[in-house]
Amino acid sequence: MVEFSVASVFSDGCVLQRDKDICVFGCADNGEPVSAKIMDGGRTVDENSCVSIGGKWSVHLRPMPAMENLVLEVSCQNTVKHFSNVAVGEVWLAGGQSNMEFELSKCTEGPAELEMDADPNVRFFPANKKAWMDEKFFEDEKKCVWQTWNCGEKKNWSAVGYFFAKKLARDLGVTVGIIGCNWGGTSASAWTGRERLEKHSDLKIYLDEQEKETRGKSIEEQCAEFDAYEIYNAEWTKKCDALYRENPKIEWSDVQKILGPSPWPGPRSCKSPYRPTGLHECMIKRLAPYTLRGFIFYQGESDDHRPASYYTLFREMIDQWREDWNENLPMVFVQLPGNRYRQDRDFKNWCLIREAQTKIFRTVANTAMTVAADLGEFNDIHPKAKKVLAERMEVSALWSVYGLVDSSMANGPIFKSATSRNGTMELKFDFAESGFVLKEDKVALENYRSMEKIQGNDLPSDFTGFEIAGSDGVYHPAKFKFGAERENLDTITLSSDKVPCPVYARYAWYNYGPATVFGRNGIPLAPFRTSNRDSAPEASQDHADIQQIMEV
């Protein structure tokens, strides 16, 4: 017998999506009738019913305009469940890894925000953060409820999700609900179903590695091993945090000399949140098909060891989520900002992740990319300032989803085409009709210069971020000139005395470095190269060791 229940994502204070069919769903014994209705005071706004099939039921209610202070009532036989303080507004799922998970209390703008008394008209639902469906999973899932601004948990809300929602609520004049569904340090493979990974040889490797490392271990053995790791890792992390509090500039190598190697991410296990498909099963599928407007997403860091396959992986993940919701939902995502640690060489793997993200924007319908080239933080994979990024994402949504602003407000310049002529290379850009703005980025330039010096490389004095190469694929710093004529405002011309016949060009082709060229709307030029056939050395399949703590 299946006990009657409503999915945990429905609770007091929940936000339902306006202007779309509202799907209310849960579990009940096969053949049981289930009804749902929404009431405004004592008046029924809408109601409908269904019969449970195979232990699951779903009732669809008609589209509604934005409303407040409603009651959702769901009944099965003699059991009635009431949910009060229900709002109808806009609902977005905030997915990804640690930079989406990064809490409001930890971000630069958070403390001041948390002191604010005025309700920002934002509500937050923290998805059940469990990676294995044992008894505790279902117990904890029942405790997940929608949170409002006057609750004590707002300090733990996703900072990016919160600032996105706050600005959206102000611009649209409705309540905005954010479903936080993210986990630090996770690959996009954790958020994607098995069948989609199996059909690509370069994605199946995620599954193969998991199966190889767990072969011969029982479920009980895997769980016990991971439980022991979590206890040890918690203690190790406390000691690590203490070292960084005592000396914020301590090198990662010195931390590990003192404490021993970081145990993160622990053994491969059925219980690990980093296993492929695990969070799709334990988090995404527990939320679908809750009616949404779309997804905001910030991820890619943990797939930088396989950058060449990231386009395929990210595309499959997007298609997976759209299949789960049975709708071509919009995806607003972040192009990775700069990141590099002081002692590390420039692996250039983030360059390829960014390139894959640009390709997603170019080729996958109903997506929008938020460029963040200027928002990285030196020596830290977690930029602390989140508000500017989140509000850029919101403008992307206003353009791509709501149609309330035009593309010139929402997008920075993105490379379009290149033409070589008379010893120069002329580049054309989309979203650059008004031309470009040059800004100094002395701090990032000096940081980049100092990191390269540690690696034995001297950055040329004429370094601009633009580089060109001939047919040999050897890049040299390029001089650049913005288009001056009215019809050429969207062009940049490059040249170098060392490259008489330019064939290739690139800009900001480093994991971390200065961002100096912006559109007139203040959004930076997206890093790019003109061709992936430039014969330059491929990005390393390695990544910075310090990423071992990026879930923290």
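Which residue forms a salt bridge with Arg196? Glu323 does, with the closest N and O atoms 2.8 Å apart. Keep in mind that this is a predicted model.

Let me place that pair. Arg196 sits in helix H5, residues 194-198, and Glu323 sits in helix H10, residues 310-325. Now the burial of Arg196. Its relative accessible area is 14%. The cut-off for buried is under 20%, so Arg196 is buried.

Side chains of opposite charge can pair when their charged atoms come close.

Now the wider count. Searching the whole structure gives 43 salt bridges. I will take a few.

Next, Glu101 and Lys129. Their side chains form a salt bridge, at 2.4 Å from N to O. This one also links distant parts of the chain, with the partners 28 residues apart. Glu101 belongs to helix H1, residues 98-101. Lys129 is in a loop, the one between strand E9 (122-126) and helix H3 (135-143).

Are Glu101 and Lys129 buried or partly exposed? Glu101 has 16% relative accessibility, so Glu101 counts as buried. Lys129 has 36%, so Lys129 counts as partly exposed.

On to Lys384 and Asp380. Here the side chains meet in a salt bridge at 2.3 Å, N to O. Lys384 is partly exposed, with a relative accessible area of 27%. Asp380 has 17% relative accessibility and counts as buried.

Which residues are linked in it? They are Lys130, Lys136, Asp140 and Lys143.

You will find Val395 in helix H12, residues 387-400. Its relative accessibility is 17%, so Val395 counts as buried.

What is Val395 in contact with, leaving aside its neighbours within four places in sequence? The list is Lys167, Val405, Met409 and Ala410. One more distance for Val395. From Val395 to Thr516 is 21 Å in space, C-alpha to C-alpha, and 121 residues in sequence.

To recap the pairs. Glu101 with Lys129 links helix H1 to a loop. Lys384 pairs with Asp380 at 2.3 Å.

Conventions
Residues numbered from 1 in each chain as written. Predicted model: local features only at pLDDT ≥ 70, side-chain atom pairs only at ≥ 80, totals over all residues. Heavy atoms only, no water. Salt bridge = Lys/Arg side-chain N within 4 Å of Asp/Glu carboxyl O. Helix = DSSP H or I, 4+ residues; strand = E, 2+ residues; numbered from the N terminus. Buried < 20%, exposed > 50% of the residue type's maximum accessible area, 1.4 Å probe, protein only. Contact = heavy atoms within 4.5 Å.
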